[in-house]
Amino acid sequence: MTKPLGISRRSMLKGTAAGVAASTIGAPTIWAQNIKDVTLRQFGTGVSNLNEVAKKVKEDLGFTLEMTALDSDAVTQRAATQPKSFDIADIEYWICKKVWPTGNLQAMDTSKIKNYDKIVGIFKSGKLTPESVIAQGTAPHSVGFVEGANGTTFSDTETGWMTLIPTIYNADTLGIRPDLIGRSISSWTELLNPEFKGKASILDISSIGIMDAAMVCEAMGEVQYGDKGNMTREEIDKTMAIFTEAKKNGQFRAFWKTFDESVNLMASGEVVIQSMWSPAITAVRSQGIPCVYQPLAEGYRSWGGGIGLSANLSGLELEAAYEYINWYLDGWVGGFLMRQGYYSAVPETSKNYMSEDEWGFWFEGKPAQGDITNPFGTVMEKAGAVRDGGSFYDRMGAVACWNAVMDENQYMVRKWNEFIAA
Amino acid sequence: MVSILQEKTSSPTGEEVQRRSGASLFANRHLSGWLMAAPLAIVLLIFLVLPIVMIVVVSFWRATEFSILPAFVFENYEFLFGSEVTYRVFFNTLKYAAITWAFTLLIGFTVAYFLAFHVRSLIWQVALFLLCTIPFWTSNIIRMISWIPFLGRNGLANQTLISWGLIDEPLDWLLFSDFSVILAFVHLYTLFMVVPIFNTMMRIDRSLIEAAYDAGATGWQTLWNVIIPLTKPGIMIGTIFVVTLVMGDFITVRFMSGSQSANVGRLISNDIALLQYPSASATAVILLVTVLMIIGILLRFVDIRKEL
């Protein structure tokens with residue numbers, strides 16, 4: 001008992017010293033003494049729940065951030081059913097659509113968000129540039145705002161009350177093995193091309209898999225969708241019929257459910273074309289195996305995540321959470337994530353934390369001048385390499401559909417199960 | 001001996017004395033029996049019976065996207081029995097169980113027979129038996145996953161076959177197929193067959209086998225008419241292990257079929273992942289009933305209690 005006490009007393013002293021120091025240099029944080037004792041519990045999917053972030057929070061802000069990484073199903077479940085178990089939820093926008101009606105999260109006052117004006121248009125008006133067309137699916141801005149702090153219905157316009165503060169997003173496409181395919185690939189239809197019989201794969205996460213399937217069926221001209229992110233039963237039936245037939249004909253080598261499985265399938269050459277996530281491509285390439293995140297004519301399937309505040313947060317904890325959000329958008333995390341191939345919600349602040357070469361490679365789609373390393377020091381690309389798909393505007397401007405949850409979700413899941421069992 | 005006999009004759013009075021002087025609760029034989037059984041009964045009640053009751057109860061509940069609502073509806077069962085997928089998946093599960101059972105029995109019986117009757121020294125028997133258990137030092141999942149690189153398109157098996165000139169093209173059906181699923185099952189569960197069969201074989205009175213030979217039986221006749229009938233309880237116990245393990249599995253099927261085949265366990269795990277607990281419970285109840293029925297039928301063939 002005495003030991004932990006001693007440590008906490010010492011850290012208290014340190015905290016006070018830091019507080020004194022902070023107040024003398026005029027830092028805006030008036031609660032510097034108390035905030036050290038704050039612990040915020042964050043949970044979310046693995047992509048942004050990084051220990052480096054928690055460490056940096058402790059350094060920069062002084063309070064403790066506890067991270068729990070779960071898969072997206074578990075994240076949804078926890079956000080919906082265990083509101084007392086977290087302070088900050090790091091969830092995707094389609095999960096937000098599912099979870100917000102439970103009332104477990106509280107909206108954020110955008111006037112307290114320092115860099116609010118610099119947040120990319122996708123998350124505010126839905127448009128990347130004024131000319132952009134809003135993609136199908138659960139576009140982030142459509143579930144990004146509510147009317148007032150306790151609002152339960154989503155608003156189409158910026159209301160000043162945000163559900164999630166966007167943190168990380170990307171555009172997904174098919175991954176291919178150029179060395180084993182030996183020709184150019186430019187359409188989603190190639191996934192079902194008999195040429196790749198027994199060498200294709202799709203991910204077995206129904207909500208995302210169905211959308212990749214829809215991209216393929218639409219590109220084949222077999223099915224016309226009103227909204228790929230919110231299909232009708234008839235559209236679901238048609239899509240699954242096409243994929244079931246392909247499965248029966250032996251088109252697929254396997255389905256994957258976890259990141260590692262997708263990497264292994266690709267690296268071992270079992271599969272030459274499949275749905276894939278950006279860091280998985282990097283993982284294959286880092287083994288010295290050529291792998292391309294192929295931009296396709298029909299566009300990308302995109303996803304975005306953000307952090308939301310638990311409805312239970314109040315007082316000092318709530319202030320600390322706002323401070324955390326402001327810090328998040330301040331650029332360090334953005335740079336950290338962008339150097340892994342994701343995008344930050346406020347790219348211009350991230351630029352301060354990236355070298356010119358890194359910024360040029362990851363954001364502007366320019367050829368790398370020297371070796372490009374990730375935040376952990378691993379060399380990702382050699383000089384001369386260009387990012388697959390090009391610049392931020394090329395990639396995020398070509399989004400065809402956002403990850404979504406459909407009204408017919410339950411029906412879709414049953415159909416998906418039938419497809420797997422077929 | 002004499003003293004024992006004496007005590008026995010004098011025992012009625014002794015017992016009487018005890019019963020009278022004891023007069024306590026514990027003297028009642030029925031009560032003390034109940035009390036001795038109570039700890040196990042309570043543990044089983046809390047950790048086995050209650051959860052199963054809960055599963056049965058939840059199977060009648062309703063589910064929405066992210067919550068479950070207490071109710072008493074049959075919609076989960078209606079959907080389950082109304083879907084053609086259910087029957088196909090149950091058939092697939094039974095198919096895996098049957099084929100795996102046949103192979104594990106054949107291999108398990110042969111191994112046990114060799115250990116029990118061909119290896120003469122006890123030390124060698126123990127040593128070889130321990131050898132069989134060595135794979136169990138690593139996790140079940142690791143043993144299963146290690147098949148994947150071995151059987152893959154560019155894996156060791158295909159490379160070897162190609163270098164021997166037996167095949168020109170890699171065999172795709174080696175991995176992510178029913179073949180690989182059953183191979184993994186047999187590899188994982190054969191020991192569960194070996195152990196109980198070996199155990200019963202070791203208890204067979206050797207003079208019975210000698211008697212069979214003396215009576216002019218051939219080796220096969222002895223095997224068929226003496227050894228197999230006497231090892232039935234072991235075979236039955238092994239069968240119960242293998243069948244229940246295969247019927248309840250979901251991870252082996254998922255990994256070894258590359259998610260391309262489904263069994264009942266995968267249906268349940270998919271439902272759980274999507275928060276459809278009532279539907280998962282209904283499937284689990286049906287699976288439980290199916291397995292209990294199979295075991296019930298198996299137990300009709302052999303009275304394990306009597307034979308053990």
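1. In chain A, five strands make up an open sheet of mixed pairing, ordered S13-S12-S14-S11-S15, where strands are DSSP runs (E, at least two residues) and helices are likewise DSSP runs (H or I, at least four), numbered from the N terminus, and two strands pair if DSSP finds at least two bridges between them. S13 and S15 (292–294) of chain A are the edge strands, each with a single partner, so one side of each has no neighbour in the sheet. Neighbouring strands are turned against each other by 25 degrees on average, direction ignored.

2. This is a predicted model, in which local features need pLDDT of at least 70 and side-chain atom pairs count only at pLDDT 80 or more, whereas totals for chains, interfaces and linings use all residues. Residues are numbered from 1 along each chain as its sequence is written, and chains are lettered from A and ligands numbered from 1 in the order in which they are written.

3. Within the sheet, S12 (residues 200–203) and S14 (residues 273–275) of chain A run parallel and are joined by 2 bridges, with A:Ala200 standing opposite A:Ile273. Helix H7 (residues 206–220) of chain A packs on the sheet, touching S12 and S14, and its direction makes about 130 degrees with that of S12(A); axes are lines fitted to C-alpha atoms, for helices over the stretch in contact, and angles run from 0 to 180 degrees between N-to-C directions.

4. The contact between the chains takes 25 residues from chain A and 21 residues from chain B, two residues being in contact if their C-beta atoms, placed from the backbone, lie within 7 Å. On the chain A side, the elements giving two or more residues are H4 (72–81), H5 (93–99), S13 (252–256) and H16 (409–421), and H16(A) gives the most, with 6 residues.

5. In chain B, the axes of H4 (residues 84–118) and H11 (residues 219–248) come within 9 Å and cross at roughly 145 degrees. Residues making this contact include B:Tyr96, B:Trp101 and B:Leu105 of H4(B) and B:Ile235, B:Val242 and B:Met247 of H11(B).

6. Helix H14 (residues 277–301) of chain B has 25 residues and reaches 36 Å from its first C-alpha to its last, close to the 36 Å expected at 1.5 Å a residue, the expected span being 1.5 Å times one less than the number of residues.
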